[in-house]
Amino acid sequence: MVKTVTFTPGELIGYQPISFQRRFHEARRAQTYTTFVAHRRFGKTEACLAELVTGCLTCPLPAPNFKYIAPTLKQAKEIAWAPLMKMIARMRKNGVRGIDVSRTDGRVSFQCAVSAPAVLQFSGLEEPDFLRGGYDDGMIVDEAASMKAGIWGEVLVPRLADRNGWAVITGTVKGMDQLYDFYSYGNPESDKYNPHWGSIYIPISETRGALPWLSEENLEKMAAGMGGTDSIAWRQEMELDWLANDGNLLIPLAAVREAMKRVLPEEEYRNSASVLGVDTSSHGVDKTAMVRRQGRVVFPKKMFGDVDSLYLANQIVLEHRDRRLDAVFVDCTGGYGLGVVDNLRNMVGDEISVYEINFSSKANDSEHYANKRAEIWSLMAKWVSTGVLPNDEQLCKDLTNVRFEIERGRLKLEDKKFVRARLGRSPDTADALALTFSYPVASGAEGAYAGSGRALFANDSFTI
């Protein structure tokens, strides 16, 4: 007589999640997409692999397909192949047969699954077009901050659509980058929150003393190796501080958060100049951003994709008709904004003062600023300490992702290519807001300049 022994998937692979890991598994099953951020040595990889193997074994759909994805196939194998092989060794020890493994192909086939064959495939994103088409019932996307912009929405999400698949996004905290965006989607306190997303965030301060495999002695050794618990490495890797490496950020996160909470009665800014900053873009992932500021208050942004200069000029006119504008500052650095300026001037004549701004041009105060971009960003940074900002995560990220240095006594911002690398795009909304500080502007409601909205230039004095 053959004795039948029943195992749960966790028992088969020798995985016994502790309470913190169970929080992740519960969250994963609660919605389609889950962002999983946890400190080093938490057991994140094992928990993610447990989800994939369980999916392979139990998925009722024909020919189940699951993926472990990293920026490169080599990286995926380095991170998760060895832990997966330990799980498979435990399964075989428990009597499971019909598991075919190919390290070369990064592929494991489970002939023992409910709907065999079920495949767990390791993949890299070096050639994302190879992943177009096909389907997945579930996937882990590791080191998501390194994923090129567009791959998630254009390549990976469609693979999940046909069979109502799920995805877990995970990675290492390195700043307010793409991983932070994913985290924001599942954070109910974020303006990007979406009910189809969930986010798990577990720093070492929450688990200390509760992980059987991570003793206090081990933690002390890790801290010593990282330079102490106050070091950037510890704050970033263990405390999951999104802005641990912010020593030379021009605008700190705390100042932006305070500005987003601040409230100002309308009577305190009603008579202030109303100015519009327009950061133009003609194509690609970057968008044209329009931001209006009236004194100490900034209003919600407006964003536009691939539209022509005449359309943008019309949108500015509509903005003026809705709420009087005293001046409009248009980014003409790449030349695209020149068409917007020409069209706008033809439409409004002298009704609004329209100015073309080149970020790389000479600053008004060239003794203290390397160029116009550094000058207006510095003015904006000072303004934030008393200003009022809308609750906007994109604006928050854009404002707090620009670093600076002092070169020969002048403030200089880092090249925008480095900001793009962190954000996956240009800081369009912050650039649009910075443009509103290009020159002081008198309000049309203030007698001496009534009706003109005339901008005051370098040698004049006016309160902004």
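Strands β3 and β4 (residues 107-110) pair in the antiparallel sense over four bridges. Pairing requires that DSSP find at least two bridges between the strands. Strands (E, at least two residues) and helices (H or I, at least four) are DSSP runs, numbered from the N terminus. In β4, S109 is the bridge partner of D100. β3 and β4 form a hairpin with four residues between them. In the turn, G106 has a positive phi of about 60 degrees.

The model is predicted: local features need pLDDT of at least 70, side-chain atom pairs count only at pLDDT 80 or more, and totals for chains, interfaces and linings use all residues. Residues are numbered from 1 along each chain as its sequence is written, and side-chain values use heavy atoms, with hydrogens and water left out.

Angles run from 0 to 180 degrees between N-to-C directions, and axes are lines fitted to C-alpha atoms, for helices over the stretch in contact. Within the sheet, β2 (residues 65-70) and β6 (residues 138-141) pair in the parallel sense over four bridges. M139 in β6 is the bridge partner of K67.

Q178 lies in α6. Q178 is buried, with a relative accessible area of 14%. Buried means under 20% relative accessible area, exposed over 50%, and partly exposed in between (1.4 Å probe, protein chains only). Not counting residues up to four places away in sequence, Q178 touches A144, A145, M147, K148, A149, K397 and R422. Contact means heavy atoms within 4.5 Å.

Helices α3 (residues 44-58) and α4 (residues 73-93) pack at an angle of about 55 degrees, with their axes 10 Å apart. The two helices are therefore oblique to each other. Angles under 35 degrees count as roughly parallel, over 145 as roughly antiparallel, 65 to 115 as roughly perpendicular and the rest as oblique. The contact is made by T45, E46, L49, A50, V53 and L57 of α3 and by I79, A80, P83, L84, M87, R90 and M91 of α4.

Strand β13 (residues 327-331) runs parallel to β14, and five bridges join them. D331 stands opposite I357 in β14. In β14 (residues 353-357), four of the five residues are buried, so this strand is largely enclosed by the rest of the structure.

N391 is found in the loop between α13 (372-384) and α14 (393-399). At 47% relative accessibility, N391 counts as partly exposed. Leaving aside neighbours within four places in sequence, N391 is in contact with D191 and M260. The C-alpha atoms of N391 and R257 are separated by 8.4 Å, although these residues are 134 residues apart along the chain.
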